[in-house]
Amino acid sequence: MKSKDIIFALLKKELLDIFRDRKAVIMMLAVPLLLYPLIFIGVLSVMSSVQAKMGEKHYKAIIDAYDNGALEKKLREYMTDGDKDTGIVDKVARADYPDPIKAIKDETIDVYVTTEKTEDGRLLYTVNYISSVTDSEFASRIIERAINDVKKDKTKKNLETIGYNADLMLNPIMSAMKDSATREQSTGRFLGMILPILFIISLLMGTVYPAIDVTAGEKERGTLETLLTLPVKNEQIIFSKFIAVATVGLISAVLNFFSIAGICIYVYRLTSKLDTNISLNVIDFIPAVLLSAVVVLVFSLFLSSVIMCVTSLTRSFKEANNFIAPLTVIIMLTGYIAFIPNIELTGRIALVPVANVILVIKNLFVFNYDANMFGLVIVSNLIYTIFALLLLGKIYSSENLLFDDGKSGIQIFERRSNIKKGGVPTSGDAWFILAVVVVHVLYVGSIAQLKYGKRGVLVVQAIILFVPIIFAIYTKRDLRKTFALRRTGLVSYLAGIMCMSGAILLGMILTQISSWLFPTEANQVTNALYSSLIGDNFWETLFLTAIIPCICEELMFRGFVFSGFLSSYKIRYAIIMVAVSFGVYHMSIVRLATTIFLGAVLTLTVQYTKSIYPAMLMHFFNNALAAANMYHKEVLERIFPIAYGEISPVGVFAFILLGNLLFYSGIAILSKVNETNKREEKREKAR
């Protein structure tokens, strides 16, 4: 049987299983086709009805105003002008309510108005009301409008009495606001804020239940064992499940799109009948809709793969729901970035999952077609999807998928009294902490840096350091093993510096290639790098950008995360995942390849030396060079000319040769250290 036929058969089986689940079908069909229109029409009807009733309702007011009846006269005008927005206020007798303030609190009257003379002879109105009571608050607005109208009338009359042109005196300057945006652009701006979050919600609703069903659901039903015994490859099983979940998610998104589009058309037709001047050229939105469909398609693949990775680590439907809840909250909170003013899609944000999709759709609907940003969002989401699928493949290739020994779960959800003391974090712990740290760095860290400037770096690094440490202490992990706090010889440090020197030289080549591919983003990265690095002096810059990060980031990535990954995955996969996570965390498309490469070198060093300290020194060495560039650029320019300008092909070859020589020499020495460590471990076990 051909591979494609096997995949098709498995896909058919998965889809049939999904559509047998009534809950999944309800979430996919009933919500977009029935719930959205009912909610919209219901809310619109209720709001219209409430507004109409508020305008027609009679409100009670005690008016103790010594203004020759001006306020009462204006309120009577409102009653007869036919304008429902002004409402109706009836004056009630003061004698019927001995304590007007108490009457307001008891809601027997709505407002109480008094007047008094100020020292300069002016009349002061005081309006007593309760803002927490709807009728009282609405009535106070009517009174406030009437007082303003009385004030205008009085001012106009006074000016005319002394012979002045009242209109000229009151309005000496005229202004006219001309909006250059077309109706299509204004409408697109509104749609760009609303539609992305609706797409996110619809994809979540359409993806979560199928993902749980084809992973945790099969475990709970006991059908996964049967599936794994069939003469099919794990890759075929994974691909069929993934396509099934993504397909259902897309169907849900499409149905939601047509439901939302139907509501928009309904509102447009209703509005255009009420106001014939309103007209839109719907054809202008076709490119935005088509490109948004591509973005939603790619994001559906990404979301399906990530959710399946999470649900595959669980053993039951209930546990999967508990695991998905934090992820859903993170995605939803990130989705509201569309409502934050002045947030633009930059090269850095284009690498942030969910946020990049939200902002690119927002840009499309205001007719901002930036091909570079669009491509960056698509490529980054595809890369994340591939990475998630590789991880999913490792999960399905592991015996832990069926026989969970606790090495993939998230221990923080366990009772602390049930957690055994010692050992290292699980892979689930590592992924959980990685997600928590990245989210907090994005939001809390960004706010701290905006508020405190360069001192905000300390807040970011504190998050990176203390979140894993607190988690490790709470879950009773062995801190020495978790963070690789082991002494090592001088040779390890020297070999590490040699290896890092070569990696930096090779990394410069990678950065130059990325800068050539993304010239605009390269400029942005350079400017951001300079502004974030410059301190009051060299030592402050060194402290903020080299000393603190080399400790905090190493303990986080090469300590907690790496030890957690090693508990479930093979060494090479653990190194790759830590390196990619480290690269994505820095959020720079230009330096992504370089950062991943350097992250892999640092992780490999920890694996070889069994110690975090050489990696800390290597990290410090790399960041210290960047800090030195701020103050001693001329020295570094002579040493590393490729980083500052053109270089001949021969020079590039020599640069690569030197980089490889230093890099592989360092690796060779570290390999010897690794062999020595293995022999020592064997001797310790033999004892």
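This briefing covers the fold, the sheet, the helix packing and a few single residues of the protein.

This is a predicted model, in which local features need pLDDT of at least 70, side-chain atom pairs count only at pLDDT 80 or more, and totals for chains, interfaces and linings use all residues. Residues are numbered from 1 along each chain as its sequence is written, and side-chain values use heavy atoms, with hydrogens and water left out.

The protein has 24 helices and four strands. Helices (H or I, at least four residues) and strands (E, at least two) are DSSP runs, numbered from the N terminus. Of its 687 residues, 44% are buried. Buried means under 20% relative accessible area, exposed means over 50%, and partly exposed lies in between (1.4 Å probe, protein chains only). Among contacts with a separation of 6 or more, 76% join residues 24 or more positions apart. Contact means heavy atoms within 4.5 Å.

**The sheet**

- Four strands form an open sheet with mixed pairing, in the order S2-S1-S3-S4. Two strands pair if DSSP finds at least two bridges between them.
- S2 and S4 (123-128) are the edge strands, and each pairs on one side only.
- The twist averages 30° from one strand to the next.
- S1 (residues 58-64) and S2 (residues 88-91) are parallel and share four bridges. His58 stands opposite Ile88 of S2.
- S1 also runs parallel to S3 (residues 111-117), again with four bridges. Here Ala61 stands opposite Val111 of S3.
- S3 and S4 are antiparallel, with six bridges between them. Val113 stands opposite Val127 of S4.
- Helix H3 (residues 70-80) lies across S1, S2, S3 and S4, at about 135° to S2. Axes are lines fitted to C-alpha atoms, for helices over the stretch in contact, and angles run from 0 to 180 degrees between N-to-C directions.

**Helix H5**

- H5 covers residues 134-161, which is 28 residues. At 1.5 Å a residue it should span 40 Å, and its end C-alpha atoms are 41 Å apart, which agrees. The expected span is 1.5 Å times one less than the number of residues.
- The buried residues of H5 include Phe138, Ile142, Ile143, Ala146, Ile147 and Val150. Asp135, Ser136, Ser140 and Asp149 are also among them.
- An α-helix has 3.6 residues a turn, so residues three or four places apart point the same way.
- Gly163 follows H5 and has a positive phi, near 90°.

**Helix pairs**

- H7 (residues 183-221) and H10 (residues 286-312) have axes that come within 9 Å and cross at roughly 35°. Their crossing is right-handed. A crossing is left-handed if the near helix is turned anticlockwise from the far one by less than a right angle, and right-handed if clockwise.
- The H7 side of this contact includes Phe199, Leu203, Val208 and Lys219. The H10 side includes Val296, Phe299, Leu303 and Met308.
- H14 (residues 427-452) packs on H19 (residues 538-566) at about 145°, with their axes 6 Å apart. This crossing of H14 and H19 is left-handed.
- H14 meets H19 through residues including Trp431, Ile433, Leu434 and Val437. Among the H19 partners are Met556, Phe557, Phe560 and Phe565.
- The axes of H21 (residues 592-609) and H22 (residues 613-631) come within 9 Å and cross at roughly 155°. That makes H21 roughly antiparallel to H22. Angles under 35 degrees count as roughly parallel, over 145 as roughly antiparallel, 65 to 115 as roughly perpendicular and the rest as oblique.
- H21 and H22 cross in the right-handed sense. H21 residues including Leu598, Val601 and Leu602 meet H22 residues including Pro614, Met618 and His619.

**Single residues**

- Glu107 has a positive phi of about 65°, although it is not a glycine. It sits in the loop between H4 (100-105) and S3. Glu107 is exposed, with a relative accessible area of 53%.
- Phe367 is another non-glycine residue with a positive phi, near 65°. Its place is the loop between H12 (355-365) and H13. Phe367 is partly exposed, at 23% relative accessible area.
- Met373 is found in H13 (residues 371-397). Met373 is buried, with a relative accessible area of 7%.
- Met373 and Leu359 are 14 residues apart in sequence. Their C-alpha atoms are 10.0 Å apart in space.
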